[in-house]
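Hi everyone, thanks for coming. Let me put the structure up, and then we can walk through it together.

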Amino acid sequence: MRPVVLLSTAVLFACSSSGTATPHTAARPSETTTQVAIQGVGSIRIKTIPVQDSYVGIVSYPMGRVWAAMPAAYDSVGLKLTTLDPATHTVGNSGVNIRRILGKTALSKYINCGKTQIDQNADTYDVHLTLLTHVAADAAGATKVTTTLSAAAKPIAFAGDYVPCSSLGRLEVRLHELMYAELERASAK
């Protein structure tokens with residue numbers, strides 16, 4: 001019985017740290033520890049890490065100009081702003097329910113929610129998506145732009161819980177490209 005528990009524990013640890021690391025990934029969110037009792041064996045501690053994907057970019061523009069460019073970038077990807085906090089320099093959408101497309105792009109181009117025999121879950125499930133950007137000045141006068149995406153999806157046609165989705169990094173990159181284009185456009189005036 002004990003080898004099964006250890007194998008189960010290894011599987012739980014592997015599942016809790018899934019996700020892809022990229023050179024642009026920010027530090028991992030803090031871990032949480034859960035005590036789980038297993039009848040006849042005792043209890044085990046399981047560490048989990050929330051799944052959030054971040055993209056970090058540095059632009060050579062002052063923070064005020066970057067902050068001013070962010071609303072247009074969000075509008076261009078098709079997300080309405082629900083968060084615009086000048087005190088923390090956080091902008092974005094703190095939670096929207098969408099289905100199939102964001103703007104003119106299929107959700108499966110931006111996030112991975114798994115796949116059924118029919119299609120990508122991101123294109124057929126209800127998706128709850130959060131996309132927030134934090135801007136901060138750095139010591140060299142440039143601006144650090146950190147965009148964090150989190151998403152979960154659940155089936156439409158039958159009962160089911162939300163499943164976590166992971167970012168493919170494309171939405172964050174697209175948002176940063178649009179922000180940079182807005183900065184360039186404003187500089188050309």
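Let's start at Leu-175, which sits in helix H4, residues 170-188; helices here are DSSP runs of H or I with at least four residues, strands are runs of E with at least two, and both are numbered from the N terminus. A word on the source: this is a predicted model, where local features need pLDDT of at least 70, side-chain atom pairs count only at pLDDT 80 or more, and totals for chains, interfaces and linings use all residues. Residues are numbered from 1 along each chain as its sequence is written, and side-chain values use heavy atoms, with hydrogens and water left out.

Is Leu-175 buried or exposed? It counts as buried, because its relative accessibility is 0%. For the cut-offs, buried is under 20% relative accessible area, exposed is over 50%, and partly exposed is in between, with a 1.4 Å probe and protein chains only.

And what does Leu-175 touch? Leaving out residues up to four places away in sequence, its contacts are Met-70, Ala-73, Tyr-74, Val-77, Leu-131, Thr-133 and Thr-147, where contact means heavy atoms within 4.5 Å. Take Leu-131 from that list: the two leucines, Leu-175 and Leu-131, are 44 residues apart in sequence, with 10.0 Å between their C-alpha atoms. Leu-131 has its own set of partners beyond four places in sequence, including Leu-79, Val-91, Leu-149 and Leu-171.

That brings us to the core. The largest nonpolar core has 34 residues, and those touching the most other members are Val-66, Leu-79, Ile-111, Val-127, Leu-129, Leu-131 and Met-179. Such a core is a set of buried Ala, Val, Leu, Ile, Met, Phe, Trp, Tyr and Cys residues joined through side-chain atoms within 4.5 Å. Two or more residues come from each of H2, strand E5 (90-99), strand E9 (126-137), strand E10 (143-154) and H4. H2 is the biggest contributor, giving 7 residues.

So, on to helix H2, residues 63-77. Its 15 residues should span 21 Å at 1.5 Å a residue, and that agrees with its end C-alpha atoms, which are 21 Å apart; the expected span is 1.5 Å times one less than the number of residues. Where does H2 bend? The bend is at Met-70, by about 30°, and Pro-71 follows within four residues; the angle is taken between axes fitted to the seven residues ending there and the seven starting there. Buried residues in H2 are Val-66, Trp-67, Ala-69, Met-70, Ala-73, Tyr-74 and Val-77. Just after the helix, Gly-78 has a positive phi of about 100°.

Most residues other than glycine have a negative phi. With that in mind, have a look at His-89, which is not a glycine but has a positive phi of about 55°. His-89 lies in the loop between strand E4 (83-85) and E5. Arg-100, in the loop between E5 and strand E6 (101-102), also has a positive phi, near 70°.

Last stop, the disulfide, meaning a pair of cysteine sulfur atoms within 2.5 Å. Cys-113 and Cys-165 form one, with their sulfur atoms 2.0 Å apart. The pair links distant parts of the chain, 52 residues apart: Cys-113 is in the loop between strand E8 (111-112) and helix H3 (121-124), while Cys-165 is in strand E11, residues 163-167. Both cysteines, Cys-113 and Cys-165, are buried. Thanks, and I'm happy to go back to any of these.
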